[in-house]
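Visitor: Hi, could you walk me through this structure? I'd like to ask things as they come up.

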Amino acid sequence: EEVSITLSDVESGVESLIFVATTHEEQAPATTFGTVRNARVYLINADTNEALYEFDLEEDHSTATAVEMARLYKKDGDWRFTSLEENVGTHHMGLQSIVEKYFTY
């Protein structure tokens, strides 16, 4: 999969973007990144085709079903990057862990 974002097109009210990777199973048990071969994510500068960051999910996040990889955020009108690499959960529907962290019902 590929996600491409043109930061100049992001609405002005958006303060940050969080990039996550998740696995998803309708039924337990959960599929963790440790069981997915070559589970890697790259952050690439499209202008130079240079890989700025590489996230090895299979190795570094082998027990997780949801990982917050990185955050782009605005500071003084400029976009900045920070690497998070935070395991968020082990729920069999990985995105559910992200939803529970950021949204209340």
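Guide: Happy to. Lys 74 stands opposite Trp 79 in strand 5, where strands are DSSP E runs of at least two residues and helices are H or I runs of at least four, both numbered from the N terminus. Before we go on, this is a predicted model, so local features need pLDDT of at least 70 and side-chain atom pairs count only at pLDDT 80 or more, while totals for chains, interfaces and linings use all residues. Residues are numbered from 1 along each chain as its sequence is written, and side-chain values use heavy atoms, with hydrogens and water left out.

Visitor: Good to know. How many bridges pair strand 4 and strand 5?

Guide: Nine, in the antiparallel sense, with strand 5 covering residues 78-89. Two strands count as paired if DSSP finds at least two bridges between them.

Visitor: And what do strand 4 and strand 5 form together?

Guide: They form a hairpin with two residues between them. Asp 76, in the turn, has a positive phi of about 55°.

Visitor: Which strand is joined to strand 4 by seven bridges?

Guide: That is strand 1, and the two run antiparallel. In this pairing, Thr 22 stands opposite Ala 66 in strand 4.

Visitor: Let's move to Thr 65. Where is it placed?

Guide: Thr 65 is in the loop between helix 1 (57-60) and strand 4 (66-75).

Visitor: Is Thr 65 buried or exposed?

Guide: Thr 65 counts as buried because its relative accessibility is 0%. The cut-offs are under 20% relative accessible area for buried, over 50% for exposed, and partly exposed in between, using a 1.4 Å probe and protein chains only.

Visitor: What does Thr 65 touch?

Guide: Leaving out residues up to four places away in sequence, the contacts of Thr 65 include Ala 21, Thr 22, Thr 23, Phe 33, His 91 and Gly 94. A contact here means heavy atoms within 4.5 Å.

Visitor: New topic: salt bridges. How many does the count come to?

Guide: Four salt bridges, each being a side-chain nitrogen of Lys or Arg within 4 Å of a carboxyl oxygen of Asp or Glu. One of them joins the side chains of Arg 40 and Glu 54, at 2.7 Å from N to O. That pair links distant parts of the chain, with Arg 40 in strand 2 and Glu 54 in strand 3 (residues 50-56), 14 residues apart.

Visitor: Which residues are linked with Arg 40 in a network of salt bridges?

Guide: Glu 54 and Asp 56. The side chains of Arg 40 and Asp 56 meet at 3.1 Å, N to O. Arg 40 lies in strand 2 and Asp 56 in strand 3, so this pair ties together parts that are 16 residues apart in sequence.

Visitor: How accessible are Arg 40, Glu 54 and Asp 56?

Guide: Arg 40 is partly exposed at 38% relative accessibility, and Glu 54 is partly exposed at 42%. Asp 56 counts as buried, at 14%.

Visitor: What does Lys 101 form a salt bridge with?

Guide: With Glu 68, the closest N and O atoms being 3.1 Å apart. The pair links distant parts of the chain: Lys 101 is in helix 2 and Glu 68 in strand 4, 33 residues apart. Lys 101 is partly exposed at 39% relative accessibility, whereas Glu 68 counts as buried at 2%.

Visitor: Now the surface. Which residues form the nonpolar patch?

Guide: Ile 18, Val 20, Leu 95, Tyr 102 and Phe 103, with about 440 Å² of accessible area together. Patch residues have over 30% relative accessible area and no salt bridge; like charges are joined within 9 Å, and nonpolar side chains (Val, Leu, Ile, Met, Phe, Trp, Tyr) within 5 Å. Accessible areas come from the Shrake-Rupley method with a 1.4 Å probe, and for residues only the protein chains shown count as cover.

Visitor: Which elements each supply at least two residues of that patch?

Guide: Strand 1 (16-22) and helix 2 (94-102). Leu 95 is found in helix 2 and is partly exposed, with a relative accessible area of 45%.

Visitor: Back to backbone angles. What is the phi of Asn 38?

Guide: Asn 38 has a positive phi of about 55° although it is not a glycine. Asn 38 lies in the loop between strand 1 and strand 2 (40-45) and counts as exposed, at 60% relative accessibility.

Visitor: And what about Glu 85?

Guide: Glu 85 is not a glycine either, and has a positive phi of about 45°. Glu 85 lies in strand 5 and is partly exposed at 33% relative accessibility.
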